[in-house]
Amino acid sequence: MMAAQRRAAAAGGPERGGAAAGPGAGPGRGGRRRSSTKRSRGQQESRQRLMKVAFLLSSAAAVGGLLGWSCLGSEDGLTEVLAHRSESLQDKFIEVPCSEDYNSHKRFEGCTPRKCGRGVTDAVITREEAERIRSDVRQRIQQRIAQAFGISSASMYLTKPTFFSRINSTEAKTTHDEYWHPHVDKVTYGSFDYTSLLYLSDYAEDFGGGRFVFMDAGSNKTIEPRAGRVSFFTSGSENLHRVEKVHWGTRYAITISFTCNPDHGIGDPVLM
């Protein structure tokens, strides 16, 4: 088992447990990993600035633990890759039927999902911007999600937990560290209506394993992370998903979540 290390400052206290923050990375495995000694000083400084700002971005939200599900299928099961790390995607969107998860929550006309699906794009954040992430990232991602689902971005509110995640091959210490179990965001966090992830490192280059997996009937659909890539999806059972175990290196990402209920909204973090 391997541990997910997340950094997030509580806003009103953590929800449903939560993984502990980890200051150091475990040793990577595999010959494909780039040695940090080969990175230029400029790249190292840029990565350090990225991590500092990403940590600040998560400071307005509470981190919560993932709901544990029985693992469905093996990592070697039938899989279709939706987004290869090596390709640059302008916009890719796949519509899926909406689940009934939203019916047990108050509906907000013009925001609560009636069109459901999943998307991935490399056109929101450039690789360079992923290395020097700025405070307008949330607004840009929010606008792209609203465009894809045909709603007004003004009807969406940032919600918690929004967090910066750092995952490596360190052994899990508690069940909350077992990030690889399938789960549904709307079930785990009732406030979620739309989920997005901003990836800050590259699959097969910075880490092995760690792909994002949509678990559909008959086959899995995977997204291979690359720095600057944004994936997003409606948060109900139509998008059951998991993350593959990280075998070597370190996987960095920011989860940015949105709600249609203003009562569950939180303010943007203030970057100092």
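Pro-161 lies in strand β5, and a cis peptide bond with omega of about 0° joins Lys-160 to Pro-161. Most residues other than glycine have a negative phi, and most peptide bonds are trans. The structure is a predicted model, in which local features need pLDDT of at least 70 and side-chain atom pairs count only at pLDDT 80 or more, whereas totals for chains, interfaces and linings use all residues. Residues are numbered from 1 along each chain as its sequence is written, and side-chain values use heavy atoms, with hydrogens and water left out.

The protein chain contains four helices and 13 strands; helices (H or I, at least four residues) and strands (E, at least two) are DSSP runs numbered from the N terminus. Of the 272 residues in the protein chain, 54% are buried, where buried means under 20% relative accessible area, exposed over 50% and partly exposed in between (1.4 Å probe, protein chains only). The protein chain exposes about 12000 Å², of which carbon and sulfur atoms supply 50%; accessible areas come from the Shrake-Rupley method with a 1.4 Å probe, and for residues only the protein chains shown count as cover. Among contacts (heavy atoms within 4.5 Å) between residues at least 6 apart in sequence, 85% join residues at least 24 apart.

Strand β6 spans residues 194-199, and six of its six residues are buried. Tyr-194, Ser-196 and Leu-198 point one way from β6, while Thr-195, Leu-197 and Tyr-199 point the other way; all are buried. Two strands are taken to pair if DSSP finds at least two bridges between them. Strand β6 runs antiparallel to β10 (residues 230-234), to which five bridges join it, and Leu-198 stands opposite Val-230 of β10. Six bridges connect β6 with β13 (residues 251-259), also in the antiparallel sense, and here Ser-196 has Ile-256 as its bridge partner.

Helix α3 has 13 residues, which should span 18 Å at 1.5 Å a residue; the end C-alpha atoms are 19 Å apart, so the two values agree. The expected span is 1.5 Å times one less than the number of residues in the helix. An α-helix has 3.6 residues a turn, so residues three or four places apart point the same way. The buried residues of α3 are Val-137, Arg-138, Ile-141, Gln-142, Arg-144, Ile-145, Ala-146, Ala-148 and Phe-149. These buried residues pack against β3, β4 (116-121), β5, β6, β10 and β13. Just after α3, Gly-150 takes a positive phi of about 70°.

The structure holds ten aromatic pairs. Rings of Phe, Tyr and Trp (its six-membered ring) pair if their centres lie within 6.5 Å; planes under 30 degrees apart count as stacked, over 60 as edge-to-face and the rest as tilted. Phe-149 and Phe-232 form an edge-to-face pair, at 6.2 Å centre to centre and with 80° between the planes. This pair links distant parts of the chain, with Phe-149 in helix α3 (residues 137-149) and Phe-232 in strand β10, 83 residues apart. Phe-149 is buried, because its relative accessible area is 5%, and Phe-232 likewise counts as buried at 4% relative accessibility. Phe-164 and Tyr-252 form a stacked pair, at 5.9 Å centre to centre and with 15° between the planes. Here too distant parts of the chain are linked: Phe-164 is in strand β5 (residues 157-167) and Tyr-252 in strand β13, 88 residues apart. Both Phe-164 and Tyr-252 are buried. One aromatic cluster is formed by Phe-93, Phe-149, Tyr-194 and Phe-232.

A charge is taken to sit over a ring if NZ of Lys or CZ of Arg is within 6 Å of the ring centre and within 35 degrees of the ring normal. The charged end of Arg-118 sits over the ring of Phe-214, 4.0 Å from its centre. Lys-245 lies over the face of Trp-180, at 4.6 Å from the ring centre.

Glu-95 is placed in strand β3 (residues 92-96) and counts as exposed because its relative accessibility is 52%. Residues up to four places away in sequence being left aside, Glu-95 touches Lys-115, Cys-116 and Gly-117.

Ala-204, in the loop between β6 and β7 (207-209), has a positive phi of about 70° although it is not a glycine. Ala-204 counts as partly exposed, at 27% relative accessibility.
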